[in-house]
Amino acid sequence: MRIARLVAAATCLVASASAQTVATDRPFEDTIAQRLRACTGCHGDRGAGVVDSAFPRIAGQPVDYLFAQLRAFRDGARTYAPMNFLLARQSDGYLREMATYFSAQPQDPRVVDTRALKPVDRAAFDAGRALVHEGRPADGVPACVACHGPTMMGTLPAIPALAGLPRDLMIEQIGSWKTGGHRSPEPNCMATIASRMSGGDIVAAATWLSLQQPAGVPEAPREALPIACGRAP
Amino acid sequence: MNRRRLALAIGVVVGVVAAGVFGLRSSKPPSSPLDATLVAVDPVANRDPVERGRYLAAAGDCIGCHQARGGEPYAGGLAVPTPFGRIYTTNITPDRETGIGTWSADDFWRALHEGKGKHGEYLYPAFPYPNYTRIARADADALFAFLMAQRPVRRPNTPHALRFPYSMRPLLVVWRALYFREGAFQSDPAHDAEWNRGAYLSSGLGHCVACHSPRNGFGGIAVDDELTGGLIPEQNWYAPSLTSHVEAGLGSWSIDEVVQLLKHGVTERYAVFGPMAEVVHDGTQHLDERDLRAMAVYLKSLPPKASDDAPPIQTTATMREDLMKRGARVYADACVDCHRTNGEGVARAYPVLAQNPSVIMNSTINAIRMVLNGGFPPSTDGNPRPYGMPPFAQRLSDEDIAAVLTYVRNSWGNRAPAVSPADVQRYRSVPVD
């Protein structure tokens, strides 16, 4: 009897020990999500962004937009050293697969919800809302929504969603167009528009946009845009 | 070091006068026919010259240097950082004004074989002619035929940005006297044809030695130190030993595993990263498996040497205990999903960390930079959709990275010196691109 109990106890011990080793390692799966863990460290689970981070959400962006950016990083047309390094030896086929995967991923509302809890510069917020929806025709600044869609969720095939992107990132990006750091394909429409925006305009638009909850999908392609824009070949 | 270099350089100016007299004698290119033993095992011997040249250009990874990021193939313009300043690679497309369109096959041969430009000027040895001098004339001609068949690209060469006195080309006569011997590949009758083919490719066109050896203050490599591993100057990656040293080199590798790494960029245990990812992507993945095997056979025959960078036997230091505990926490949080609890990784996806030379080698630079920068192995035909590692520079502090690396270097049978946060901090600022 005692021996039986001992054996039972020993069996339990062995069982729990092996259960423990099994439990510590998550099962490994060959999925595209697993292959792209290199991306989600900064861009968040499934690319939906990270709370309090300046790295952009990539989930739900138009696929051609993501593909063009990935290629631009790989080939050095867009400069951000960590991305240039990561993508240096990846094929077009794989970059296209990355773009397709992230383009199809859902949003995570927590990213913007958390931002909304912090104090907001109300004047910048209101000015930003006006600029995004109406632009400033007198200075030749078109409304953002004219290209990026009425909900700022982007337009197919390659105009990005800006709703809910990090404020600092948008200030940095639009600022780079203004100062000539951004070498987009010609005609470089965003450089033209940014050159007509003041620093205050940029901060205002970025403030309002960063607090918009991304929802829905990119708009269908448009025939006419208010300004001619180059596209990556 | 700098003072020594300067002293050497100044002392050497005297020699330049002599060089003017003796050094610039032009010589008729000697012929160096491809060894018959080697022809028999050359998998591309029967292809036409342009196709042979294409293959050989991959074997030498010419494009790795002669193409800038986003630039045209073979049009050069890549900045190569060296301790002496920046070298800009040249345009080797057949453009007549800015490339090598006016070169003859003899000119091209002289560049590879003698390290001299079209007008007899000395070439900077960032162009690895101490290795290319072993290329057979027939192979040089095939390479030239291939380059001449490329689209001419107009891109004027960028002047090198070298500091004085390195900016004075004639001074290279001294460097050449010390570190360059013009020569032809001699097959070794003590070995079979496969070994000799491997030696020909590795020591010539493949120029493995250029990265995988320590360089002295003058950029030279001592023969005794060849292939024992070295820090790539200015690029801050450590190219590990390729001798059969068990911990530091290829001692624990099978020939098949070497072939797999060169062909696919990943093996059951390991993955290439840093500059070698580029070599596999542009070069070795395109080589015939027989050639890769020949190179593996040759490399695996190299005995360990005194200068191999072996990890020292380490006694447990008390300061490590904190680091180890903190490292275990970071590992459980950031690493364990891919590299697994016991550091065994996942075959062909995530490298093994136990007994991994890149993890336990004396130099901590590769391990630190892998954690800081992450990376994908190259996308190759054999592994087109590689698994990647995220960069942790943006997420982990110097202390966390030092701790997790100390933990990894001292778990699962690994025993290597602790990594300090100061080391991590030092490589944070190294340009990644």
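In H9 of chain B, the residues Glu194(B), Trp195(B), Arg197(B), Gly198(B), Ala199(B), Leu201(B) and Ser202(B) meet Asp291(B), Ala294(B), Met295(B), Val297(B), Tyr298(B) and Leu299(B) of H12(B). By class, this contact of H9(B) with H12(B) has eight nonpolar, two polar and three charged residues. The model is predicted, and the points below should be read with that in mind.

**Helix packing**

- Two packed helices are described by the angle between their axes and the distance between the axes.
- For helix H9 (residues 193-203) and helix H12 (residues 289-300) of chain B, the axes come within 7 Å and cross at roughly 90°, which makes H9(B) roughly perpendicular to H12(B).
- In H3(B), the buried residues are Arg52(B), Gly53(B), Tyr55(B), Leu56(B), Ala57(B) and Ala59(B), and these buried residues pack against H4, helix H7 (137-148) and H9 of chain B.
- H3(B) is followed by Asp61(B), a residue whose phi is positive, near 45°.

**The sheet**

- An open sheet in chain B is formed by three strands in the order E1-E2-E3, with antiparallel pairing; its edge strands are E1 and strand E3 (161-162) of chain B, each of which pairs on one side only.
- E1(B) and strand E2 (residues 85-88) of chain B run antiparallel and are joined by four bridges, and the two strands form a hairpin with two residues between them.
- Within this pairing, Pro81(B) has Arg86(B) of E2(B) as its bridge partner.
- Two bridges join E2(B) to E3(B), and these strands also run antiparallel; here the bridge partner of Gly85(B) is Leu162(B) in E3(B).

**Domains of chain B**

- The domain assignment divides chain B into domain 1 (31-179), domain 2 (193-300) and domain 3 (320-428).
- Between domain 1 and domain 2 of chain B, the C-alpha centres lie 20 Å apart, and the contact takes 26 residues from domain 1 of chain B and 30 residues from domain 2 of chain B.
- On the side of domain 1 of chain B that touches domain 2 of chain B, the elements that give two or more residues are helix H2 (36-40), helix H3 (49-59), helix H4 (62-65), strand E1 (79-82), helix H6 (129-132) and helix H8 (172-179) of chain B.
- That side of domain 1 of chain B has, by class, 18 nonpolar, five polar and three charged residues.

**The interface with chain A**

- In the interface between the chains, 28 residues of chain B are in contact with 26 residues of chain A.
- Two or more residues on the side of chain B that touches chain A come from each of helix H11 (275-282) and helix H13 (320-339) of chain B, and H11(B) gives the most to this side, with three residues.
- By class, the side of chain B that touches chain A has twelve nonpolar, nine polar and seven charged residues.

**Chain B as a whole**

- Chain B contains 17 helices and five strands, and 47% of its 433 residues count as buried.
- Among the contacts in chain B with a separation of 6 or more, 69% are accounted for by residues 24 or more positions apart.

Conventions
Residues numbered from 1 in each chain as written. Chains lettered and ligands numbered in written order. Predicted model: local features only at pLDDT ≥ 70, side-chain atom pairs only at ≥ 80, totals over all residues. Domains from an automatic or database assignment. Contact = placed C-beta atoms within 7 Å. Nonpolar A, V, L, I, M, F, W, Y, C, P; charged D, E, K, R; others polar. Buried ≥ 20, exposed ≤ 12 C-beta atoms within 10 Å, placed from the backbone. Pairing = 2+ DSSP bridges. Axes fitted to C-alpha atoms, helices over the stretch in contact; angles between N-to-C directions. Parallel < 35°, antiparallel > 145°, perpendicular 65-115°, else oblique.
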